[in-house]
Amino acid sequence: MPNQKKAEPHKKYRVLSLFSGCGGLDLGLEGGFTYLGHQYAENPFEIVWANDINEKATKTQKLNFPNTEVICGDIVKLLADGIKMPDNIDVVVGGFPCQDFSLAGKRRGLTVKRGQLYLSMAKVIEMKQPKVFLAENVKGLLS
């Protein structure tokens with residue numbers, strides 16, 4: 001198959017992480033850790049930029065990912081202010097807030113500001129044109 005591209009042997013895919021909290025989703029992407037006696041292999045992803053609105057979460061993210069640029073702030077405001085994000089992003093990931101979609105919540109959905117934060121993720125995807133994006137949320141989002 002002459003037209004197929006071969007994977008670069010040691011390429012790390014550059015990841016931009018939104019609504020990252022302390023970095024749980026990011027840790028799963030990067031791998032290379034041990035938990036409850038199980039060793040998880042290192043994956044070919046590198047978190048290069050992360051954002052969350054919670055200051056304590058971003059402090060933890062910085063401790064867990066010392067080589068990542070971590071920005072604390074409201075993504076809506078940061079985007080409106082023209083925040084600089086890295087270029088050449090391969091993957092955009094985000095677990096945008098789920099409280100307004102959860103079956104355990106008030107199910108206010110898209111009618112409230114927090115329920116519309118997925119739009120910020122969509123804007124970043126449009127801006128960065130990654131090869132792929134991963135959006136994590138609850139099943140209630142579908143209904």
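Begin by selecting β4, helix α2 (residues 55-64) and β5, which together make a right-handed β-α-β unit; right-handed means that, with the strands pointing away from the viewer, the path from the first strand over the helix to the second runs clockwise. Helices (H or I, at least four residues) and strands (E, at least two) are DSSP runs, numbered from the N terminus.

Before going further, keep in mind that this is a predicted model, in which local features need pLDDT of at least 70 and side-chain atom pairs count only at pLDDT 80 or more, while totals for chains, interfaces and linings use all residues. Residues are numbered from 1 along each chain as its sequence is written, and side-chain values use heavy atoms, with hydrogens and water left out.

**Strand β4 and its partners**

Stay with strand β4 (residues 45-52), which is mostly covered, since 6 of its 8 residues are buried; buried means under 20% relative accessible area, exposed over 50%, and partly exposed in between (1.4 Å probe, protein chains only). Then turn to strand β5 (residues 69-72), which pairs with β4 in the parallel sense over 4 bridges, and pick out Asp52, whose bridge partner in β5 is Cys72.

**Two aromatic pairs**

Next, show the aromatic rings, of which the structure holds 2 pairs; rings of Phe, Tyr and Trp (its six-membered ring) pair if their centres lie within 6.5 Å, and planes under 30 degrees apart count as stacked, over 60 as edge-to-face and the rest as tilted. Tyr13 and Phe45 form a tilted pair, 5.8 Å centre to centre with 45° between the planes. Because Tyr13 lies in strand β1 and Phe45 in strand β4, this pair ties together parts that are 32 residues apart in sequence. Tyr13 is partly exposed at 29% relative accessibility, and Phe45 is partly exposed at 22%. Phe33 and Tyr40 form a stacked pair, 5.0 Å centre to centre with 20° between the planes; Phe33 has a relative accessible area of 22%, and Tyr40 one of 35%.

**Helix α4**

Move on to helix α4 (residues 118-128) and colour Ser120, Met121, Val124, Ile125 and Lys128, which are buried. Seen down the axis of α4, these buried residues fall within an arc of 140°, so they line one face of the helix; the arc is that of the directions from the helix axis to the C-beta atoms. What covers them includes β1 (13-18), α3 (75-80), β6 (91-94) and β7 (132-135). Zoom in on Ser120, which is buried with a relative accessible area of 8% and touches Ile75, Val76 and Leu79, not counting residues up to four places away in sequence; contact means heavy atoms within 4.5 Å. At the end of the helix, select Gln129, which follows α4 and has a positive phi, near 50°.

**Two loop residues**

Finish in the loops. Leu36, in the loop between β2 (31-35) and β3 (38-42), has a positive phi of about 50° although it is not a glycine, and Leu36 is exposed, with a relative accessible area of 76%. Asn88, in the loop between α3 and β6, has a positive phi of about 55° although it is not a glycine, and Asn88 counts as exposed at 64% relative accessibility.

Terms used:
Pairing = 2+ DSSP bridges.
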